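Here is a short tour for a first look. Keep the sequence and the 3D view side by side as you read.

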Amino acid sequence: MHIVAIHLAPGRKVPTRSVTCVEAEAGRGLVGDRYHGTKHRHVSIQSQEMLEHAAAELGLAVDPGATRRNVTVDGGVIPTRPGSRLRIGEVELEVVRVAAPCRLLDDWIAPGAARAMSRRGGSICRVLTSGPIRVGDHVEVPQG
């Protein structure tokens with residue numbers, strides 16, 4: 001799987017902005033994102049494939065930035081089990097928990113969006129190693 005979009009939210013209830021590259025800092029998160037410096041919620045990652053399923057249920061297209069997730073990959077299954085690892089170039093991520101859809105999605109996208117995203121929201125990860133994350137980067141999900 002590969003990264004197709006990266007979004008950062010500079011603040012709560014502030015629209016996300018699309019970027020082509022972001023610096024991930026170990027133990028801190030994505031530079032420029034509102035969760036940078038928090039204890040565990042460093043990066044949220046979702047699958048475009050799952051987003052398309054949610055969009056079909058809603059009956060309208062869903063922009064990846066509207067979900068407020070940081071990283072969108074083109075397809076595949078995002079690990080949700082805590083402790084699972086992902087690697088994006090030099091950056092290693094560890095899954096902390098499932099990314100539950102926020103009820104604000106109903107305001108940002110359309111009524112019913114939070115329900116459509118249920119079990120499709122991806123995962124929240126912590127950053128274990130620093131480095132750049134870029135659109136187009138390969139995302140490795142080690143088996144085990």
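In this predicted model, strand S3 and strand S10 (residues 131-134) pair in the antiparallel sense over four bridges. Val22 stands opposite Ile133 of S10. S3 also pairs with strand S4 (residues 29-30), again in the antiparallel sense, over two bridges. Here Ala24 has Leu30 as its bridge partner. Three residues lie between S3 and S4 in their hairpin, where Gly27 takes a positive phi near 75 degrees.

In a regular strand, side chains alternate between the two faces of the sheet. S3 has a covered face, with Val22 and Ala24. Its uncovered face holds Cys21, Glu23 and Glu25.

| Strand paired with S3 | Sense | Bridges |
|---|---|---|
| S10 (residues 131-134) | antiparallel | four |
| S4 (residues 29-30) | antiparallel | two |

The largest nonpolar core has 21 residues. Ile3, Leu93 and Ile133 have the most contacts inside it. Among the elements that give two or more residues to this core are strand S1 (3-8), strand S3 (21-25) and strand S8 (91-98). Another core, of five residues, lies apart from it and includes Leu51, Ala55, Ala66 and Ile109. What does Ile133 touch, beyond residues up to four places away in sequence? Its contacts include Ile3, Val22, Ala24, Leu30 and Val91.

Next, helix H1 (residues 48-58). Its buried residues are Gln48, Leu51, Ala54 and Ala55. They fall within an arc of 115 degrees seen down the axis of H1, so they line one face of the helix. At the start of H1, a side-chain oxygen of Ser47 reaches to within 3.2 Å of the backbone nitrogen of Glu49. Just after H1, Gly59 takes a positive phi of about 85 degrees.

Conventions
Residues are numbered from 1 along each chain as its sequence is written. This is a predicted model: local features need pLDDT of at least 70, side-chain atom pairs count only at pLDDT 80 or more; totals for chains, interfaces and linings use all residues. Side-chain values use heavy atoms; hydrogens and water are left out. Buried means under 20% relative accessible area, exposed over 50%, partly exposed in between (1.4 Å probe, protein chains only). The arc is that of the directions from the helix axis to the C-beta atoms. A polar contact is a pair of N or O atoms within 3.5 Å; within protein, one must be able to donate a hydrogen and the other to accept it, and residues adjacent in sequence count only if both atoms are side-chain atoms. A nonpolar core is a set of buried Ala, Val, Leu, Ile, Met, Phe, Trp, Tyr and Cys residues joined through side-chain atoms within 4.5 Å. Contact means heavy atoms within 4.5 Å. Two strands pair if DSSP finds at least two bridges between them.
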